[in-house]
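Welcome! Please open the model in your viewer and keep the selection tool handy. We will go from stop to stop together.

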Amino acid sequence: MAVTAVSGSVARPIPRLRRMEDERWLAFALLVPTAVLLGLFIAYPFVEGVLLSLNSTRVGIKGEFVGLKNFDKVWNDSIFRTSVWNTFWYTGVTTVFKLALGLWLAILLNRHFRGKALVRAFILLPFIIPTVLSTFAWKWMFDPTFSVINWTLFQLGFITQRINWLGDPDLAMTSIIIVNVWRGVPFFAISLLAGLQTISPELQEAAAIDGARPWQRFWHVTWPLLLPVTMVVVLFSVIQTFADFQLVYVMTGGGPANATHLFATYAYQLGIGTGLLSEGAAVSLAMFPFLFLIVVVQLLYIRRVETR
Amino acid sequence: MALVSIRSVNKVYDGNVHAVKDVSLEVRDKEFMVFVGPSGCGKTTTLRMVAGLESITSGDILIGDTVVNNLPPMDRDIAMVFQNYALYPHMSVFHNMAFGLKMRKFEKPEIDKRVRNAAAILGIETLLDRKPRQLSGGQRQRVALGRAIVRHPQVFLFDEPLSNLDAKLRVQMRVELKKLHERLGTTAIYVTHDQVEAMTLGDRVVVMKDGIVQQVGEPLELYNTPANKFVAGFIGSPAMNFADVTLAESDGKLWAEAQGLRIGIPGEIARRANGRNGAHATLGIRPEDIHLAGPTDPTDLCFDAEVEVIEQLGSEIVLDTRVGNSAFVASVDPTLRLKVHDRLKLAMNPARLHLFDAGSEAAI
């Protein structure tokens with residue numbers, strides 16, 4: 001461009017390929033596909049969801065703007081309150097167990113033993129099987145009459161009566177938590193194992209010579225060095241668990257008596273099941289500030305851990 | 001008293017890899033002992049067995065008067081400096097050095113005093129608040145040393161501590177290590193594959209190969225009277241020349257003969273080689289013990305050589321020469337003007353000749 005200006009000749013249109021040499025154009029061109037995808041599949045549905053929640057739309061009936069009325073209604077809905085509590089309880093308890101068990105497994109798998117590769121691959125199975133299928137298997141295992149769990153407990157003499165796993169509100173929640181932990185532990189174990197393998201064994205040896213006992217070596221060396229990985233894994237898991245749907249939908253459908261609903265399953269039941277699209281949208285949007293807060297807090301924490 | 005005794009120690013991995021074979025040696029109190037050898041010779045494994053990081057398959061290791069075979073590393077009163085420093089990346093320099101004392105429940109003021117003291121010795125007082133990744137290689141090395149020093153252990157163990165430093169820094173740290181040892185007087189075992197480090201640092205040196213101790217001795221002892229061909233070739237740079245020769249007696253004298261080479265073996269070695277007439281052997285002579293022949297050199301120590309490569313080092317000239325089907329490296333006067341393919345008459349220093357058995361490779 002400078003050359004044409006200096007030579008004083010009439011400015012010719014810049015060929016399209018030349019235009020790409022300008023970094024602003026190139027950057028724009030490279031960003032377009034991502035922006036389109038994000039806009040089409042994330043921003044657009046999100047905005048539509050927000051608009052829907054401010055409407056009174058039902059299946060087949062085009063609603064009108066009602067402001068925050070849906071949120072007000074949902075706030076006073078006892079099932080919604082139960083599902084909020086459930087979601088936090090479910091996410092909190094499963095995350096603690098998944099982290100503890102996953103870490104324990106990862107430390108075991110980090111040792112040398114025969115058939116290590118095979119066991120590591122095996123560990124991933126619950127993670128690989130489609131959730132709906134494995135959850136159906138669990139549903140049968142929890143069945144009060146044909147349950148293999150009841151049968152085993154009975155044969156071992158621990159129980160004399162059938163336990164109604166999915167029929168009792170508290171037991172149903174516990175059952176769901178057990179299945180979620182079973183399904184989530186492999187992800188924690190494998191990710192943490194990858195994290196453990198980045199920690200030089202020399203550090204353990206140095207700590208051993210420095211006089212640290214095994215527990216102290218874990219607490220002062222392994223755990224702080226594993227923390228960034230742990231935080232990322234927990235972050236992913238919390239987001240996924242918080243918005244979980246399949247597991248509860250298949251196991252209990254939110255029952256018995258709406259006792260096991262989570263945000264996602266209740267939003268689905270309200271919006272699709274009952275046809276109150278706008279109220280369903282309001283329920284699922286109510287999840288957003290919580291998730292947003294969790295993500296922000298954890299990201300800030302990860303940044304702090306990584307820069308120290 | 002911090003003497004380390006290694007008695008008939010063996011290490012077998014997974015039932016078939018015999019890494020350390022029947023090693024016995026004593027490291028005296030306040031001694032700086034260097035284990036040297038090529039990679040895989042068992043020197044690091046031996047050190048790790050002393051540290052307690054590796055179990056002992058058979059034999060005994062004593063530190064002071066205590067058999068430590070089954071003691072965990074923390075109860076052996078040792079400190080170790082690792083090849084990759086093994087500093088805790090999430091702790092500051094201060095806490096890296098204090099960690100061992102904290103684990104041993106020292107009082108805070110005592111920890112503070114010892115860490116600052118060690119930092120002063122090593123010249124790293126200004127780095128105490130830094131994290132390891134903010135340090136250069138040499139500084140990390142000092143911190144690793146500091147972590148060992150603060151503990152006031154009975155024995156220091158060094159596992160190739162200088163091998164990750166660049167050449168110039170390595171020489172500098174070598175000197176500092178030597179000074180540090182003289183100052184602290186703690187018994188030390190130092191593993192390296194670098195024979196220069198071994199020669200300069202060691203009060204005594206252990207040369208190992210294939211898990212077997214080849215020779216234990218003071219540096220000059222290894223240099224002057226190597227026990228076998230391996231030690232002779234490993235110690236010294238450039239390496240000792242070896243030529244396959246046949247021993248022949250004539251005129252009441254023993255001769256080492258090869259194509260283009262007929263060297264009269266001097267009295268002392270000839271006496272030890274008595275009865276080997278006609279046997280094969282290996283003749284050894286260091287490059288620095290070969291010189292350009294002058295009129296005073298007896299002819300039975302001279303040989304004709306053709307220059308193949310000239311390496312001008314300034315302080316000396318290293319010549320690669322060919323003698324029949326043997327090759328000899330000679331280190332000669334740097335003022336000589338030589339050309340490739342020059343034919344020279346070279347002479348050996350008779351007092352520095354070595355002869356090794358062709359089969360066992362032991363010195364004759």
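## First stop: an open sheet in chain B

Select β15, β19, β16, β17 and β18 of chain B: these five strands form an open sheet in the order β15-β19-β16-β17-β18, with antiparallel pairing. Helices (H or I, at least four residues) and strands (E, at least two) are DSSP runs, numbered from the N terminus, and two strands pair if DSSP finds at least two bridges between them. At the edges stand β15 (290-292) and β18 (326-332) of chain B; each has a single partner strand, so one side of each is left without a neighbour in the sheet. On average, neighbouring strands here are turned by 45° against each other, direction ignored; the axes behind such angles are lines fitted to C-alpha atoms, for helices over the stretch in contact, and angles run from 0 to 180 degrees between N-to-C directions.

Now zoom in on β15(B). Three bridges join it to strand β19 (residues 343-348) of chain B, and the two run antiparallel. To find one bridge, pick B:L292, whose partner in β19(B) is B:L346.

A word on what you are viewing. This is a predicted model, in which local features need pLDDT of at least 70 and side-chain atom pairs count only at pLDDT 80 or more, while totals for chains, interfaces and linings use all residues. Residues are numbered from 1 along each chain as its sequence is written, and chains are lettered from A and ligands numbered from 1 in the order in which they are written.

Select strand β1 (residues 4-13) of chain B together with strand β2 (residues 17-27) of chain B. They pair in the antiparallel sense over seven bridges, and B:V4 has B:V27 in β2(B) as its bridge partner. The two strands form a hairpin with three residues between them, and B:D14 in the turn has a positive phi of about 50°.

Look for B:I6, which stands opposite B:I61 in β4(B).

Zoom out and select all of chain B. Its secondary structure comes to nine helices and 20 strands. Taken along the principal axes, its C-alpha atoms fill a box of roughly 80 × 45 × 35 Å. Of the 364 residues in chain B, 39% are buried (a residue is buried if 20 or more other C-beta atoms lie within 10 Å of its own, exposed if 12 or fewer, and partly exposed in between, with C-beta atoms placed from the backbone).

Colour chain B by domain: domain 1 covers 4-234 and domain 2 covers 241-357, with bounds that come from an automatic or database domain assignment. Their C-alpha centres lie 39 Å apart. Five residues from each domain take part in the contact between them (two residues are in contact if their C-beta atoms, placed from the backbone, lie within 7 Å).

Which residues touch the most other members of the largest nonpolar core? Select B:V34, B:M80, B:V155, B:L157, B:I189 and B:Y190 in this core of 105 residues. A nonpolar core is a set of buried Ala, Val, Leu, Ile, Met, Phe, Trp, Tyr and Cys residues joined through C-beta atoms within 7 Å. Centre on B:L157: not counting residues up to four places away in sequence, it touches B:L47, B:V50, B:A51, B:I78, B:M80 and B:I189. Apart from this core lies another, of 29 residues, including A:Y90, A:W138, A:L247 and A:V248.

Pick A:V229 in helix α12 of chain A. Is A:V229 buried or exposed? It counts as buried because it has 20 C-beta neighbours inside 10 Å. A:V229 touches A:S191, A:L192 and A:G195, leaving aside residues up to four places away in sequence.

The domain assignment of chain A gives domain 1 (11-53) and domain 2 (71-307). Their C-alpha centres lie 37 Å apart, and the contact takes four residues from domain 1 and six residues from domain 2 of chain A.

## Last stop: where the chains meet

Show both chains. The contact takes 14 residues from chain A and 17 residues from chain B. On the chain A side, α11 (201-209) and α12 (214-242) each supply at least two residues, and α11(A) gives the largest share, six residues.
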